Amino acid sequence: GDTIPTYGNFIGGGAYNIDNIGHEINNFLNVNGKVYGYFQPNMNGATIDLAKIEHGVEGDKIDKVLLIWIATDPVYGGQVIVGWHSNATIYRTIKKLKVSKGLSSRYFYTSANYKDAVLLPTNRRKFKLGNPNSRNKKGVPGQSNTFYILDQKGNDKCNTAEESAWIK
């Protein structure tokens, strides 16, 4: 319809969410058969390091990416998978939609076909990121909730089986 969906309690985002709604609210909204995703690429900048997704990539976007969405579990804490976009396009810089009807935000870094988007029901969001048996923070998303599989040189970011177990 023409109404903007409303959502319950927001977890994460800090004080920003007291008076504002993040651009992420539309990550799974069907906009003419497409979904447009937003996340904060890092704590200091507004560009996505595409080489950390596909080593040696040139240009301003990458196609056919499996993009996994994560969020804080409001009951048990930690980060869980909430959904994904398969065959997504990831853009190096932020984009703005030309259409705005029904959207609370028009900014995005990713796009995919709506049919390739899966948002898990709340009761199915059980896959925690990282190794539950370790306090080792290496190999898990940081404060911005962004995680790249590769480092800037194209090497696997996780060096041990324990660090990468959740990825497999």
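**Close-up views of a predicted model**

**Figure 1. Aromatic pairs in the predicted model.** The structure, which is a predicted model, holds six aromatic pairs. In one of them, the ring centres of Tyr38 and Tyr109 lie 5.6 Å apart and the ring planes meet at 35 degrees, so this pair is tilted. Tyr38 belongs to the loop between strand S1 (34-37) and S2, whereas Tyr109 belongs to strand S4, so the pair ties together parts that are 71 residues apart in sequence. Both Tyr38 and Tyr109 are buried. Phe39 forms an aromatic pair with Tyr109 that is also tilted, with 5.9 Å from centre to centre and 40 degrees between the planes. This pair, too, links distant parts of the chain, for Phe39 is in the loop between S1 and S2 and Tyr109 is in strand S4, 70 residues apart. Phe39 is buried, as is Tyr109. Ring pairs join Phe28, Tyr38, Phe39, Trp69 and Tyr109 into a cluster. In general, a pair of aromatic rings is described by the distance of the centres and the angle of the planes.

**Figure 2. The nonpolar cores.** The largest nonpolar core contains 19 residues, and those with the most contacts inside it are Ile48, Leu50, Trp69 and Ile90. At least two residues of this core come from each of strand S2 (61-72), strand S3 (79-96) and strand S4 (107-113). Apart from this core lies another, of five residues, among them Val31, Tyr36, Tyr91 and Leu97. When neighbours within four places in sequence are set aside, Ile48 is in contact with Phe39, Pro41, Ile53, Ile90, Tyr91, Arg92, Tyr109 and Tyr148. In soluble globular proteins, nonpolar side chains tend to be buried together.

Figure 3. Strands S2 and S3 pair in the antiparallel sense over nine bridges. Within this pairing, Leu67 stands opposite His85 in S3. The two strands S2 and S3 form a hairpin with six residues between them, and Gly77 in the turn has a positive phi of about 75 degrees. S3 also pairs with S5 in the antiparallel sense, over three bridges. Here Trp84 stands opposite Val118 in S5.

**Figure 4. Strand S4 and its partners S1 and S3.** S3 and S4 run antiparallel and are joined by four bridges. Lys95 has Phe108 in S4 as its bridge partner. S1 and S4 also run antiparallel, and four bridges join them. In this second pairing, Tyr36 stands opposite Ser111 in S4. Is S4 enclosed by the rest of the structure or exposed? Five of the seven residues of S4 are buried, so this strand is largely enclosed by the rest of the structure.

Figure 5. Ser111 has its place in strand S4. Is this residue buried or exposed? The relative accessible area of Ser111 is 4%, and this residue is therefore buried, since buried means under 20%. The side chain of Ser111 makes a polar contact, at 3.1 Å, with the side chain of Tyr91. Apart from neighbours within four places in sequence, Ser111 is in contact with Lys34, Val35, Tyr36, Ala88, Thr89 and Tyr91.

Figure 6. Asn32 has a phi near 55 degrees, a positive value in a residue other than glycine. Asn32 is found in the loop between H1 and S1. The relative accessible area of Asn32 is 70%, so this residue is exposed. Asn87 likewise has a positive phi, near 55 degrees, and is a residue other than glycine. The place of Asn87 is in strand S3. With a relative accessible area of 47%, Asn87 is partly exposed.

**Figure 7. Confidence along the chain.** The chain has a mean pLDDT of 77, and 65% of its residues reach 70 or more. Where is confidence lowest, and where is it highest? The lowest confidence is in helix H1 (residues 16-19), with a mean of 56, and the highest is in strand S5 (residues 117-119), at 96. Over residues 1-9 the pLDDT is below 50, and beyond near neighbours in sequence this stretch has nine contacts in the model.

Key. Residues are numbered from 1 along each chain as its sequence is written. This is a predicted model: local features need pLDDT of at least 70, side-chain atom pairs count only at pLDDT 80 or more; totals for chains, interfaces and linings use all residues. Side-chain values use heavy atoms; hydrogens and water are left out. pLDDT is the predictor's confidence in each residue, from 0 to 100. Contact means heavy atoms within 4.5 Å. A nonpolar core is a set of buried Ala, Val, Leu, Ile, Met, Phe, Trp, Tyr and Cys residues joined through side-chain atoms within 4.5 Å. Buried means under 20% relative accessible area, exposed over 50%, partly exposed in between (1.4 Å probe, protein chains only). Rings of Phe, Tyr and Trp (its six-membered ring) pair if their centres lie within 6.5 Å; planes under 30 degrees apart count as stacked, over 60 as edge-to-face and the rest as tilted. A polar contact is a pair of N or O atoms within 3.5 Å; within protein, one must be able to donate a hydrogen and the other to accept it, and residues adjacent in sequence count only if both atoms are side-chain atoms. Two strands pair if DSSP finds at least two bridges between them.
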